[in-house]
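Thank you all for coming; I would like to take a few minutes to walk through one model with you. Please have a look at it first, and then we will go through it piece by piece.

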Amino acid sequence: MTDTLQMLVTIAVIAIATFATRVLPFLCFGSREPPAMLSTIEKNLPPMILLLLVIYCLKDVQWLVAPYGAPELFTIGVVARLHFWKRNAMLSIFAGTGLYMALVQFSVFSFL
């Protein structure tokens with residue numbers, strides 16, 4: 001198979017899979033309420049995913065070596081306060097990312 005044909009087949013498969021995942025809920029639950037279990041998953045899945053992302057991001061922090069995770073903990077505190085104040089996920093994500101990058105690049109906690 002040529003590279004162009006393989007690329008077109010891959011794009012077609014991805015497009016069909018994406019379309020199917022968007023249409024399937026409407027086909028299954030278009031005329032009735034989704035089951036209570038699905039509603040529970042829908043409500044609780046985003047916070048669970050974010051918790052897993054936070055845990056994954058903190059897994060390689062050197063807690064016993066300077067700066068002892070200070071940039072990470074400071075950023076988590078700022079993001080938590082910002083999110084509870086403004087309730088805007090995009091603002092929290094971008095502000096947290098920018099703050100953490102600035103703290104690490106400028107070695108703000110290098111005095112520890």
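The lining of the largest pocket draws at least two residues from each of helix 2, helix 3 and helix 4, where helices (H or I, at least four residues) are DSSP runs numbered from the N terminus. Please keep in mind that this is a predicted model, in which local features need pLDDT of at least 70 and side-chain atom pairs count only at pLDDT 80 or more, while totals for chains, interfaces and linings use all residues. Residues are numbered from 1 along each chain as its sequence is written, and side-chain values use heavy atoms, with hydrogens and water left out.

The volume of this largest pocket is about 900 Å³, taken as the space filled by probe spheres set on grid points that are joined across faces, edges and corners. There are 21 lining residues, and L50, V54, I76, V79 and S92 are the closest to the pocket's centre. A pocket here is an open set of points on a 1 Å grid over the protein atoms alone, where a 1.4 Å probe fits, with protein on both sides within 12 Å along at least five of seven lines, and a lining residue has an atom within 4 Å of a point. By class, the lining has 15 nonpolar residues, five polar and one charged, with Ala, Val, Leu, Ile, Met, Phe, Trp, Tyr, Cys and Pro counted as nonpolar, Asp, Glu, Lys and Arg as charged, and the others, Gly among them, as polar.

The second largest pocket has a volume of about 180 Å³, and of the 16 residues that line it, A66, P67, P71, E72 and V104 lie nearest its centre. Helix 3 and helix 4 are the elements that give two or more residues to this lining.

That brings me to helix 3 itself, which runs over residues 70-86 and has A70, P71, E72, T75 and L82 as buried residues, buried meaning under 20% relative accessible area with a 1.4 Å probe and protein chains only. These buried residues pack against helix 2 (36-58) and helix 4 (89-105), with contact meaning heavy atoms within 4.5 Å.

Which residues does T75 touch, leaving aside those up to four places away in sequence? They are G96, L99, Y100 and L103, and T75 has a relative accessible area of 7%. Helix 3 is then followed by R87, whose phi is positive, near 55°.

Key. Expected span 1.5 Å × (residues − 1). Buried < 20%, exposed > 50% of the residue type's maximum accessible area, 1.4 Å probe, protein only.
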